[in-house]
Amino acid sequence: LSVPYANFELLFKRAALAAHHGGIGTSAMALHTACPQLIAPNAHDQFDNAVRLEKLGVAAMIRKPKSVNSWLKAIKVLESRQTRENCLRYQEKLVQQTDGSELILNLLKNTILAKA
């Protein structure tokens, strides 16, 4: 199915996993929706994002060569109870975080007060 736009938040909430290139926006939305990630990076920061998400236990990276067996092995990891628990744990951490603008304001306020 090819569509000009897809709302990742709505899709990832209903998906068993998100297969993507490892861009930071897609990675963040999958984390936000507790969706396990199957990442096949191509360039730039995608490799680093994939490695970091693998370390969190919420993603599996497909490395070259991208064989059918490597895809199946990665999917098996993502279907595990441990991966699901990790996804839910990091989703909860994201939900608990304060608004980024509030954090920045507090940092600026503390910096200004420290200089006064």
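A polar contact is a pair of N or O atoms within 3.5 Å; within protein, one must be able to donate a hydrogen and the other to accept it. The model discussed here is predicted.

User: Which backbone nitrogen lies 2.7 Å from a polar atom of the side chain of glutamine 46?

Analyst: Glutamine 46 belongs to helix H3, which covers residues 46-56. A polar atom of its side chain is 3.0 Å from the backbone nitrogen of alanine 43. At 2.7 Å from a polar atom of that side chain lies the backbone nitrogen of asparagine 42.

User: Is glutamine 46 buried or exposed, and what is its relative accessible area?

Analyst: Leaving aside residues up to four places away in sequence, glutamine 46 touches His21, Gly22, Gly23 and Pro41. A residue counts as buried under 20% relative accessible area. Glutamine 46 is therefore buried, its relative accessible area being 10%.

User: Where is alanine 34 found, and is it buried or exposed?

Analyst: Alanine 34 is not a glycine, yet it has a positive phi of about 60 degrees. Its place is the loop between helix H2 (24-32) and strand S2 (37-39). With a relative accessible area of 2%, alanine 34 is buried.

User: Is histidine 44 buried or exposed, and at what relative accessibility?

Analyst: Histidine 44 lies in the loop between S2 and H3. Although not a glycine, histidine 44 has a positive phi of about 55 degrees. The cut-off for exposed is over 50%. Histidine 44 therefore counts as exposed, at a relative accessibility of 75%.

User: What pattern does the protein chain follow along the sequence, and what is its radius of gyration?

Analyst: The protein chain has six helices and three strands. Along the sequence these follow the pattern α-β-α-β-α-β-α-α-α. The globule rule gives 13 Å for 116 residues, and the chain is well over that value, so it is more spread out than a compact globule, with a radius of gyration of 17 Å.

User: What percentage of the 116 residues of the protein chain count as buried?

Analyst: Along the principal axes, the C-alpha atoms fill a box of roughly 60 × 35 × 30 Å. The accessible surface of the protein chain is about 8300 Å², and carbon and sulfur atoms hold 60% of it. Of the 116 residues, the share that counts as buried is 29%.

Technical notes. Residues numbered from 1 in each chain as written. Predicted model: local features only at pLDDT ≥ 70, side-chain atom pairs only at ≥ 80, totals over all residues. Heavy atoms only, no water. Helix = DSSP H or I, 4+ residues; strand = E, 2+ residues; numbered from the N terminus. Rg over C-alpha atoms; globule rule 2.2 N^0.38 Å. Buried < 20%, exposed > 50% of the residue type's maximum accessible area, 1.4 Å probe, protein only. Areas by Shrake-Rupley, 256 points an atom, 1.4 Å probe, with all protein chains shown as cover. Contact = heavy atoms within 4.5 Å.
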